[in-house]
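Student: Please show me the sequence and the structure. I would like to ask about helix contacts and pockets.

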Amino acid sequence: MSETIDTIDADQEDVTPADGETGEQKAEGGDDDVLVREGDIAGDYLERLLDLLDYDGDIDLDVEAGRAIVSIDGGEDLEKLVGPRGTVLEALQELTRLAVQQETGSRSRLMLDVAGWRADRREELKELGRSTAESVLKSGERVRLQPMSPFERKVVHDAVATVSGVTSESEGEDPKRRVVIFPEA
């Protein structure tokens, strides 16, 4: 863990919610101390997991857009923690969120990335959303994309929103929920 996190960790007593506000409300409100604490708990959990698996990896914490972002980088075996299309990564993220919730008593929205997979996937999806939106704008025909995770759909929706004259929505039920892009009326 980085030195910044260790320094902030020493001040954990200051993270206690005040005036009836729950830890979840503070975390969702973007309170950096609460988010750093979540990241620290997640980092400890993930370090133990890496030790059990005998995988090498460096854990990094960031706070961005009101959520803790935890990254594991550097080890050769880390791709195994991503799995096909990020399925193992999604499951590991949920387990990490549960570990944080067990410690804090509040639901966590932390985001986990392993070996830069989520960052790379975000760039691919931005391009897919933008290029598909431009194609829909030219053709006037709606396009239904492949089923995606909530993370993937959000990235595509955000990319489509940058193209004037088209819009997007999600349809279907998980795990087959997908983005549909169509011309604005």
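Tutor: This is a predicted model, in which local features need pLDDT of at least 70, side-chain atom pairs count only at pLDDT 80 or more, and totals for chains, interfaces and linings use all residues. Residues are numbered from 1 along each chain as its sequence is written, and side-chain values use heavy atoms, with hydrogens and water left out.

Student: At roughly what angle do the axes of α3 and α4 cross?

Tutor: Helices are DSSP runs of H or I with at least four residues, strands are runs of E with at least two, and both are numbered from the N terminus. Axes are lines fitted to C-alpha atoms, for helices over the stretch in contact, and angles run from 0 to 180 degrees between N-to-C directions. The axes of α3 (residues 32-53) and α4 (residues 87-104) come within 9 Å, and they cross at roughly 120°.

Student: Which word describes how α3 and α4 lie to each other?

Tutor: Angles under 35 degrees count as roughly parallel, over 145 as roughly antiparallel, 65 to 115 as roughly perpendicular and the rest as oblique. The axes of α3 and α4 cross at roughly 120°. The two helices are therefore oblique.

Student: At roughly what angle do the axes of α5 and α6 cross?

Tutor: α5 covers residues 117-139 and α6 covers 150-160. Their axes come within 8 Å, which makes α5 oblique to α6. The crossing angle is roughly 45°.

Student: How many charged residues does the contact of α5 with α6 have?

Tutor: Contact means heavy atoms within 4.5 Å. Among the residues making it are Arg-118 and Arg-121 of α5 and Glu-152 of α6. Asp, Glu, Lys and Arg count as charged, Ala, Val, Leu, Ile, Met, Phe, Trp, Tyr, Cys and Pro as nonpolar, and the others, Gly among them, as polar. The contact has eight nonpolar residues, one polar and, as charged residues, six.

Student: Which element gives the most to the lining of the largest pocket?

Tutor: On a 1 Å grid over the protein atoms alone, a pocket is an open set of points where a 1.4 Å probe fits, with protein on both sides within 12 Å along at least five of seven lines, and lining residues have an atom within 4 Å of a point. The largest pocket has 27 lining residues, and Phe-151 is one of the closest to its centre. With six residues, the element that gives the most is α6.

Student: Which element gives the largest share of the lining of the second largest pocket?

Tutor: Its lining includes Thr-87, Trp-117 and Phe-151. α4 and α6 each supply at least two residues. The largest share, three residues, comes from α6.
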